[in-house]
Amino acid sequence: MLKAGVLGAGHLGKIHLKLLKQSEKYDLIGFYDPIKENALKVAQEFGYKSFDTIQELIDAVDVIDIVTPTLSHFDCAKYAIEKGKHVFIEKPITNTVEEAEELIKLTKKYNVKGQVGHVERFNPAFTAVKGSITNPMFIETHRLAEFNPRGTDVPVVLDLMIHDIDIILSVVKSKVKNVSASGVSVISDTPDIANARIEFENGCVANLTASRISLKNMRKSRFFQKDAYIAVDFFEKATEVVKMKDAPEIPGDYDMILQNAEGIKKQIYFENPTVEANNAILDELETFADAINNNTTPIVSLEQGTEALRVAHMIINNF
C-alpha cells in the first residue's frame, strides 16, 4: 500500500480523503489545509490526521494528492516532486502551460510519476464506448451546469470545458490546426458561457459548448465517424451507439436499410454496450497506484493534462 496524503480539504478534497481511506491500494496518512478552522473541523468530524505544515505531510508519504485551488498546483507539486514524491493533481494541471511543462521536466529528473484528475476519462459511459470511437471526424459536446459560486475564479473553459477538451484529445489522433471561440461574462468577471471550434490536421472538427449559468445540468458528447454515430451522456451515464454495415442480400423483416443516391444499401444496427457502475474518482486514484507499482504510464499523464491546458488557453485567447 502506498502512503498517501491530501493537500486541500475543501469539497473535493474531502471526497478524495474518503476514497483514499476506503482504497485497498493506499494507506491514508493525513492531510494539510491552510485554513486552520477547516482543518480542525475535518479532522474532528472524520478522524483524519491533520498536519501542521505541507512539509511534514509530504515527508510522511509516498504520494501527494493535490486538491487545492489551481493557482497553487504548481508550487505544491514542485515541492512534492523535488522531495521524490509521486503527485496526483486535480484538473487543470496548473495555471499556465509553462508551469505544467516545468512539472513534466521535474518528474523526469526526480523519477516520479504524475497524473491529472481528468475524471471523465473514467466515466463508465465513456469507458464503455471509447473502443468504438476509432476515427471521429465531427464531435459535438455540451457541458452545461447550474450556477455555483465555487469555481467562478476561473473562466468556464478551465472550469468545465477542459473536461471535454481532454476527452476529445484522447480520441482524436491528430494535432490541433486551428481554434476559434467566443465567450461571454454574464455574472462573473470571467466568461460564464463559451463556444469553441477546434480543427485538427486530419480534418476532424470539434464544436464545444460550456455554460455555468444554465437552468439544468447537461454533459453530452456526440462522435460521428465513417459508418457510426456514438453518443455519450456523462451526466446520466448512458450511451447510444448506432452503426452501419453493408446490407445483406436478403434483408430480414425487421432490418433497417438505408439506400443512398448511388444505390448503395446499408443496414443500420444498434449496439448497447454495458455501462458498469463505478466510482470514477476512486478509479482514477487506484489506476494511479497501479501505474506507480507497475512502473507504467498513468492513464491521464502530465503530458496529456498539459495538452488539454494548452488548447484551453488557445480557446481563451480567442475570446
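Modeller: A polar contact is a pair of N or O atoms within 3.5 Å; within protein, one must be able to donate a hydrogen and the other to accept it, and residues adjacent in sequence count only if both atoms are side-chain atoms. This is a predicted model, in which local features need pLDDT of at least 70, side-chain atom pairs count only at pLDDT 80 or more, and totals for chains, interfaces and linings use all residues. Residues are numbered from 1 along each chain as its sequence is written, and side-chain values use heavy atoms, with hydrogens and water left out.

Biologist: With which side chain does the side chain of Arg222 make a polar contact?

Modeller: The partner is the side chain of Glu140, at 2.3 Å.

Biologist: Is Arg222 buried, partly exposed or exposed?

Modeller: Buried means under 20% relative accessible area, exposed over 50%, and partly exposed in between (1.4 Å probe, protein chains only). Arg222 counts as partly exposed because its relative accessibility is 32%.

Biologist: In which strand is Arg222 found?

Modeller: Strands (E, at least two residues) are DSSP runs, numbered from the N terminus. Arg222 belongs to strand 10, residues 218-225.

Biologist: How do strand 10 and strand 11 run where bridges join them?

Modeller: Strands of a sheet pair through backbone hydrogen bonds, either parallel or antiparallel. Two strands pair if DSSP finds at least two bridges between them. Strand 10 and strand 11 (residues 228-233) run antiparallel, joined by 6 bridges. Phe224 has Tyr229 in strand 11 as its bridge partner.

Biologist: In what order do the strands form the open sheet?

Modeller: The order of the 9 strands is 7-8-9-6-10-11-12-14-13, with mixed pairing. Strand 7 (176-184) and strand 13 (256-259) are the edge strands, each pairing on one side only.

Conventions: Helix = DSSP H or I, 4+ residues; strand = E, 2+ residues; numbered from the N terminus.
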